[in-house]
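You asked for comments on this model. The points below are numbered so that each can be checked against the coordinates.

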Amino acid sequence: MSVHDPLTLLQLAVQGLLRNDALSISALDNLPIELFPPLFKQAFDGRHTKILKAMVAAWPFPCLPVGVLMNSPEVETLQAVLDGIDILLMKKAHPRRCKLQVLELRKVHQNFWHVWAGREDGAGSAEKGSKKQVVKRLPRNSQRQPLKLVTDLSLCNQLEGHQKCLLQWAQKRKGSVQMCCLKMQICDSPAEMVREVLDIFKPHYIEELELLIYHILPFLGGFAPYLGLMRNLRTLHLSLAYVNTDRVPIEKCLNKFLTQFSKLNCLQHLYMNGINLFTDHMKQLCRCLKTQFESLSMILCCLSQSDLKYFSRCQSLCQLKHLEFSGILLSTSHPTGLRLLLENVADTLQTLELDNCSLEDSHLSVLLPALSQCSQLTRVNFYDNLLSSAALKDLLQCTANLNKLRVELYPAPLECYDHRGYILVETFDQQCPGLLDIFKAKRQSKKIVFATAMCFKCHQRCVYDRKTRLCPCWQ
């Protein structure tokens, strides 16, 4: 809306109500439902805490998606919303008009505010249709449902002001409000803090968990029982650093942690980053897995030959859609385990990331027969591997037959470097077009890129994607 456009009647009504807190609060019982979202949004943005508090207690929709309004969370407005919940809880009889079931603190349901508060582009007809749909979805008996608070939590060493505000309130109200955290990040948080939070936000609601822990051994043993309670966990991110200490029994902590995987009946996505502690323990992990995985990602981890062997035998990994081994020295072990794993997932695998794995020509020749069977692949990444021009041609002959590939990332041939590892620009510029010609005879690729290793000086790549783009050092 430009500065010259007149205000709509709805906007004028909202502005009038915001000028007088007492008038707005007294009018809530008779306020048209269409005015609630735009009035709440403007009151939230303008920090009209008295109006916010009263509106929460009279909210005429099943869900109040506050999180998407909290671009930079402030304690004052969050406290006002929580105070409104307190008012609602203290009333013996549920207010006739209030239908609030869920206080949503995640950044979701932004369309709710677009529909009801009006868009600046003036898409009136679309809004009217959407509003009718929203009204139709309102359950008649919504006021009988227990109140639920839904949020994501990021726990670091120091809590921010709005986090302290929420946790202090939740501690007092956990008996009367269902506290649900669907996504939790724990970043080197004190164990005592984690235990207190998981006493409020019960583990069985968590669907995604991210652990970034540096003093890992003291943490694993105490956290293991909580992990076992996360029965709805679908995605697990582990970034763990091993800190050697003689005071903590390593095997006991690992066994206690890994056995909890047998209780995770919904787990489908596992991401590990920088984990060396689990080397030679993948047999135990694989035995504990109970569900079919969609994603397995391991970055900068140590994998032994026996680890790869157990991966290839694990029934939970035989229908993977996404597989990533990045920064893993596969060249130190025989690639048979990886070949068998690729054969197992050939009918389902959609993305394959094998960048910076020190793959050499001999390893690639073992993998190619299995790779050629992966007919569902849409993306492959072989960056930063040690492949000659001849080996790359064999790889491209293989992937050229995979008709669903849309994104393909390949390393520059070894011939493009001198004996010190520096880039030979002219050779790179000459070799890449010839490699690309392999595809032209069989299919067209939407994105195919050949790239060198990172430049020692500028830390950028020379890239060929139908034309050569050199790193800044060569420009």
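This is a predicted model: local features need pLDDT of at least 70, side-chain atom pairs count only at pLDDT 80 or more; totals for chains, interfaces and linings use all residues.

1. Begin with S389, which counts as buried because its relative accessibility is 10%, and buried means under 20%. S389 sits in helix α16. Leaving out residues up to four places away in sequence, S389 touches P413, E415, Q431 and L435.

2. The protein chain contains 17 helices and 15 strands. Of its 475 residues, 47% are buried. Among contacts in the chain with a separation of 6 or more, 78% join residues 24 or more positions apart.

3. How do α16 and α17 pack, and at what angle? Helix α16 covers residues 389–399 and helix α17 covers residues 425–440; the angle is about 25° and the axes lie 8 Å apart. Angles under 35 degrees count as roughly parallel, and α16 and α17 are therefore roughly parallel to each other. Their crossing is right-handed.

4. The crossing of α5 past α8 is right-handed. From α5 the contact draws on V75, L78, Q79, L82, I85, D86 and L89; from α8 it draws on G161, H162, C165, L166, W169 and R173. Eight of the residues in this contact are nonpolar, three are polar and two are charged.

5. Helix α5 deserves a separate look. With 16 residues, α5 spans 22 Å from first C-alpha to last, close to the 22 Å expected at 1.5 Å a residue. Which residues of α5 are buried? They are T77, L78, A80, V81, L82, G84, I85, D86 and L88. The packing partners of these buried residues are α3 (36–45), α4 (49–57), β2 (102–104), β3 (148–155) and α8. D86, a buried residue of α5, is also part of the contact with α8.

6. W59 lies in the loop between α4 and β1 (63–65). Is W59 buried or exposed? At 0% relative accessibility, it counts as buried. Setting aside residues up to four places away in sequence, W59 touches F36, P37, F40, L64, R97, C98, K99, L100, F112 and W113. W59 and L28 are 31 residues apart in sequence, with their C-alpha atoms 9.2 Å apart in space.

7. S297 belongs to strand β8 (residues 295–299). Its relative accessibility is 4%, so S297 counts as buried. Beyond neighbours within four places in sequence, S297 is in contact with L270, Y271, M272 and E324. S297 and N273 are 24 residues apart in sequence, and the distance between them is 8.0 Å, C-alpha to C-alpha.

8. Most residues other than glycine have a negative phi. L300, not a glycine, has a positive phi of about 50°; L300 lies in the loop between β8 and α13 (305–313). D384, also not a glycine, has a positive phi of about 60°, and D384 is placed in the loop between β11 (379–381) and α16. D384 is partly exposed, with a relative accessible area of 24%.

Notes
Residues are numbered from 1 along each chain as its sequence is written. Side-chain values use heavy atoms; hydrogens and water are left out. Axes are lines fitted to C-alpha atoms, for helices over the stretch in contact, and angles run from 0 to 180 degrees between N-to-C directions. Helices (H or I, at least four residues) and strands (E, at least two) are DSSP runs, numbered from the N terminus. Angles under 35 degrees count as roughly parallel, over 145 as roughly antiparallel, 65 to 115 as roughly perpendicular and the rest as oblique. A crossing is left-handed if the near helix is turned anticlockwise from the far one by less than a right angle, and right-handed if clockwise. Contact means heavy atoms within 4.5 Å. Ala, Val, Leu, Ile, Met, Phe, Trp, Tyr, Cys and Pro count as nonpolar, Asp, Glu, Lys and Arg as charged, and the others, Gly among them, as polar. The expected span of a helix is 1.5 Å times one less than its number of residues. Buried means under 20% relative accessible area, exposed over 50%, partly exposed in between (1.4 Å probe, protein chains only).
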